[in-house]
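Here are my notes on the model you sent over. Have the coordinates open while you read.

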Amino acid sequence: MKKISILLLFLFLSRISFSQEEKSESKWVPRDPQKFETTHSGTFNGQKITYKAVVGETFLKNSKGEVTGALWSTSYIREGVDSSKRPVLFIFNGGPGSASIWLHVGFFGPKVVKTDSEAKTDDGAAPYRFVENTQALLDITDLVFIDPIGTGFSQVEGVGKTSDFWGLNEDAASVAQFMRTWVTQHGRWQAPKFMAGESFGTTRAAKVAEVLEESGQTMALNGIILISQALDYAGSSSWADNLTSFFTYLPSQAVTAWYHGKAGKGKTIEAFAQEAREFAYGEYLTSLFLGEKQTPAQKEAIAEKLAYFTGLDKAYILRSDNQILMHRFKKELLREEGKAIGTLDGRYLATETDKAAEGPVLGDPASYMTGAAYTAVFNDYLMRDLKVSLDRPYLTSATGMGGSWNWKPVPDGAYWEPSYVSTARALSEAMHRNTRMKVLVANGYYDLITPFFDAEYTFARHNFPQDRIEMTYYEAGHMMYNRQEDFDALARDVRKFLEGILK
């Protein structure tokens with residue numbers, strides 16, 4: 001489902017090859033944007049609601065007014081109400097390079113897919129469960145799901161090329177342009193506006209919030225929902241020599257070991273997580289920075305405690321110099337059983353074909369044990385319910401993105417030193433300029449790609465206004481909504497967050 005590679009270790013990156021820059025057709029014939037419109041009804045939060053579903057494209061343009069891309073979105077708009085001040089929530093996933101399918105039919109949409117809530121069985125083959133989402137937010141806000149260029153049906157058009165969109169700044173600019181266009185076309189400038197992003201989608205959300213203040217057409221947001229946040233990649237990139245990551249990942253390793261019965265026996269997850277936090281901020285952080293200035297006895301004492309928290313063998317931890325890379329942890333925790341655990345969700349596990357490998361060889365079980373269900377139900381939903389008829393497939397991820405994504409945070413020619421990507425400061429500054437904007441940060445305890453402790457560490461810095469940040473926690477992973485109890489809890493938390501702003 002969500003394909004993971006090293007720097008792009010965030011949600012939903014496909015296994016894709018390197019390619020030359022894609023350009024649109026050399027001769028583009030002007031045309032009207034396509035759209036497919038249907039009417040539906042459902043009961044949401046106890047209210048019977050009639051709504052319009054619009055799957056359509058919006059032409060994106062450059063500074064000369066030339067078309068560069070056709071961005072597709074799916075909008076759910078309540079009927080029979082005054083829309084001028086009707087709230088709207090813009091939703092996108094991550095990758096970079098992922099379509100909005102996961103949040104669309106996983107959590108926010110009017111119908112959602114259901115996989116094994118307890119992460120014990122594979123989704124198998126069709127048919128799959130696809131049910132009405134009675135907790136959808138259509139009673140209080142319209143919903144707009146965005147598929148960035150290269151994903152879903154969205155593609156470059158006219159004079160456009162992929163480099164116009166496949167970069168940190170370029171991506172944010174295109175999404176911001178779409179949002180402004182949608183708001184203008186639907187007369188929503190006076191309406192409360194929200195964004196929700198997951199994984200890299202949170203990186204994007206922070207940058208979009210900044211971009212929306214620019215270009216002579218300022219659009220202030222009322223609130224942002226960050227699901228499995230990834231604002232500062234230093235804390236979510238498990239690489240050798242990245243000391244920050246050993247610190248931020250430790251509590252996630254601890255609670256995952258607790259889940260599998262390898263550590264913290266007799267303790268609650270909250271108590272064990274707090275114990276791991278305190279060790280990470282205390283002795284472990286000191287040890288990481290002391291490095292070889294420690295005596296063998298000091299290193300052994302730290303290894304003893306790491307074994308206590310992670311459930312790994314002390315001798316193995318010492319051989320690792322007290323620094324456990326996440327891909328090794330996923331293989332090592334259940335190595336004696338011949339199994340590896342998931343990245344997106346550490347609850348998932350699968351029997352490995354190569355039991356001696358350093359890390360998992362089959363990929364992420366949290367991805368391949370759920371991905372077929374999402375893809376199948378969404379494609380069927382597009383055709384049957386939303387009446388979409390196109391001669392090309394809906395791409396869940398961007399074909400050909402590979403190494404083409406431009407992470408460079410400044411324009412070509414400007415001085416820049418390589419560093420970890422971070423949009424944390426951009427969001428903090430946007431919140432200081434817009435003193436009404438609030439942020440909800442949803443964290444999965446077993447998320448082994450964007451750890452919950454990194455969220456805490458990120459929002460404790462960058463001068464974030466603490467009174468407008470809300471943290472919530474769930475006993476699942478990156479897509480915590482795959483677990484029914486957490487789907488329900490997240491639905492309550494998101495609704496409470498929005499209602500608190502709208503009251």
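The points below go from the domains and their interface to rings, backbone and salt bridges.

1. Ground rules. This is a predicted model, where local features need pLDDT of at least 70, side-chain atom pairs count only at pLDDT 80 or more, and totals for chains, interfaces and linings use all residues. Residues are numbered from 1 along each chain as its sequence is written, and side-chain values use heavy atoms, with hydrogens and water left out.

2. Domains. The chain is assigned a domain 1 made of 35-234 + 371-502, and a domain 2 covering 243-366; such bounds come from an automatic or database domain assignment. Their C-alpha centres sit 32 Å apart. In the contact there are 24 residues from domain 1 and 27 residues from domain 2, with contact taken as heavy atoms within 4.5 Å.

3. Buried area. About 2300 Å² is buried between domain 1 and domain 2, and carbon and sulfur atoms give 61% of that. Buried area here is the accessible area (1.4 Å probe) that two parts lose on being put together, summed over both. On the domain 1 side, Tyr446, Leu448 and Phe453 lose the most area to domain 2, together 37% of what that side buries.

4. How many salt bridges does the rule find between domain 1 and domain 2? One, if you take a salt bridge as a side-chain nitrogen of Lys or Arg within 4 Å of a carboxyl oxygen of Asp or Glu. Glu456 and Arg277 make a salt bridge through their side chains, at 2.8 Å from N to O.

5. What domain 1 brings. Helix α12 (residues 452-459) supplies five residues, the largest share of the domain 1 side that touches domain 2. Helices (H or I, at least four residues) and strands (E, at least two) are DSSP runs, numbered from the N terminus.

6. Rings. A search of the whole structure turns up 35 aromatic pairs. In one of them, Phe36 and Trp72 have ring centres 6.3 Å apart and planes at 25°, so the pair is stacked. The cut-offs: rings of Phe, Tyr and Trp (its six-membered ring) pair if their centres lie within 6.5 Å, and planes under 30 degrees apart count as stacked, over 60 as edge-to-face and the rest as tilted. Phe36 lies in strand β1 (residues 35-44) and Trp72 in strand β3 (residues 67-78), 36 residues apart.

7. Backbone to check. Gly95 to Pro96 is a cis peptide bond with omega near 0°, and Pro96 sits in the loop between β4 (88-92) and α1 (101-108). Ala126 and Pro127 are also joined by a cis peptide bond, with omega about 5°. Pro127 falls in the loop between β5 (111-114) and β6 (129-132). Ala119 is found in the loop between β5 and β6, and its phi is near 60°, a positive value in a residue other than glycine.

8. Salt bridges overall. The whole structure has 28 salt bridges. Among them is Asp139 with Arg495, closest N and O atoms 2.8 Å apart. This pair links distant parts of the chain: Asp139 is in the loop between β6 and β7 (142-147), Arg495 in helix α13 (residues 484-502), 356 residues apart.
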